[in-house]
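Please keep the sequence and the three-dimensional view at hand while reading.

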Amino acid sequence: MLYLASKSPRRAELLDRLGLSYRLLDVDVPEVRAPDEAAADYVLRVARDKAAAGWAQVAGEAGAQVLGADTEVVLDGEVFGKPADAADAAAMLRRLSGRTHQVLSAVVVHDASGVRSVLSDTQVRFAPLDEPTIAAYVATGEPMGKAGAYGIQGRAGAFVEHLAGSYSGVMGLPLHETARLLAAAHATTTGASAAMAG
């Protein structure tokens with residue numbers, strides 16, 4: 001059985017698109033970047049921590065696999081997490097306005113045969129945003145709970161001038177990379193089971 005260690009409804013919605021059967025696990029993992037920790041290392045570590053926390057709940061179940069993921073917006077080496085409030089969201093959007101930022105989305109699969117990970121790196125360029133546009137968007141409430149204070153699948157999709165990489169990765173789960181990771185994990189697990197049976 002596949003488990004998704006995430007509280008994000010967007011991640012569950014994306015995983016549904018792969019047509020896989022899975023269950024949700026509620027995990028609570030601190031998302032605090034260490035001093036001098038590279039953005040990519042941080043995103044991978046948080047995804048690994050989520051998968052490990054989920055694995056701790058189901059490790060005794062035969063055939064269990066746990067998927068953990070984390071997505072962060074990065075500009076000039078700074079990780080933009082979820083905004084603390086409306087003012088924080090507006091400040092983030094002002095900084096993203098008219099610039100290209102990076103969206104890192106890490107996916108980790110943890111099962112009895114080990115831990116596998118993949119990192120999706122997407123470049124997103126925002127059009128210039130004026131104050132009324134930012135204020136109107138923040139007023140919708142959509143930026144809250146989202147890395148970088150925007151949801152590309154919502155109204156902020158209109159802000160995106162150019163995207164190079166994974167659209168679903170910006171949403172929170174890069175589908176191509178996730179499907180490949182799960183296929184590789186399944187092949188490894190199946191091979192190990194066959195070897196044991198033989």
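Two strands are said to pair if DSSP finds at least two bridges between them. Helices (H or I, at least four residues) and strands (E, at least two) are DSSP runs, numbered from the N terminus. The model is predicted: local features need pLDDT of at least 70, side-chain atom pairs count only at pLDDT 80 or more, and totals for chains, interfaces and linings use all residues. Residues are numbered from 1 along each chain as its sequence is written, and side-chain values use heavy atoms, with hydrogens and water left out.

## The chain as a whole

The protein chain contains six helices and seven strands. Read from the N terminus, its elements follow the order β-α-β-α-β-β-α-β-β-α-β-α-α. Its radius of gyration, taken over C-alpha atoms, is 18 Å. This is close to the 16 Å that the globule rule (2.2 Å times the number of residues to the power 0.38) gives for 198 residues, so the chain is as compact as a globular protein of that length. Along the principal axes, the C-alpha trace spans about 65 × 30 × 25 Å.

A residue is called buried under 20% relative accessible area, exposed over 50%, and partly exposed in between (1.4 Å probe, protein chains only). Of the 198 residues, 46% are buried. Contact means heavy atoms within 4.5 Å. Among contacts between residues at least 6 apart in sequence, 66% join residues at least 24 apart.

## Strand S1 and its partners

Strand S1 comprises residues 2-5, and both of its faces are covered: Leu2 and Leu4 are buried on one side, Tyr3 and Ala5 on the other. S1 pairs in the parallel sense with strand S2 (residues 22-25) over four bridges. Within this pair, Leu4 stands opposite Leu24. To pass from S1 to S2, the chain runs through helix H1 (residues 9-16), and this β-α-β crossover is right-handed; that is, with the strands pointing away from the viewer, the path from the first strand over the helix to the second runs clockwise. S1 also pairs in the parallel sense with strand S3 (residues 65-75), over three bridges. There, the bridge partner of Tyr3 is Val66.

## Helices H3 and H4

In helix H3 (86-96), the buried residues include Ala89, Ala90, Met92, Leu93 and Leu96. Seen down the axis of H3, its buried residues fall within an arc of 160° (the arc of the directions from the helix axis to the C-beta atoms), so they line one face of the helix. An α-helix has 3.6 residues a turn, so residues three or four places apart point the same way. The cover over the buried residues of H3 includes S3, strand S4 (78-80), S5, S6 and H4. At the N-terminal end, Asp85 caps H3, with a side-chain oxygen 3.2 Å from the backbone nitrogen of Ala87. After H3 comes Gly98, whose phi is positive, near 70°.

Helix H4 (residues 131-139) has Ile134, Tyr137 and Val138 buried. Down the axis of H4, the buried residues fall within an arc of 100°, so they too line one face. The face turned away from this buried side carries the exposed residues Pro132 and Ala139. Helix H3 is included in what covers the buried residues of H4. Just after H4, Gly141 takes a positive phi of about 85°.

Ser105 lies in strand S5 (residues 100-111). It counts as buried because its relative accessibility is 0%. Its C-alpha atom is separated by 5.6 Å from that of Asp70, 35 residues apart along the chain. Arg116 belongs to strand S6 (residues 114-126). Arg116 is also buried, because its relative accessible area is 16%.

The table lists polar contacts of these residues. A polar contact is a pair of N or O atoms within 3.5 Å; within protein, one must be able to donate a hydrogen and the other to accept it, and residues adjacent in sequence count only if both atoms are side-chain atoms.

| Side chain | Partner | Distance |
|---|---|---|
| Ser105 | Thr71 side chain | 2.8 Å |
| Arg116 | Asp111 side chain | 3.4 Å |
| Arg116 | Ser113 side chain | 2.5 Å |
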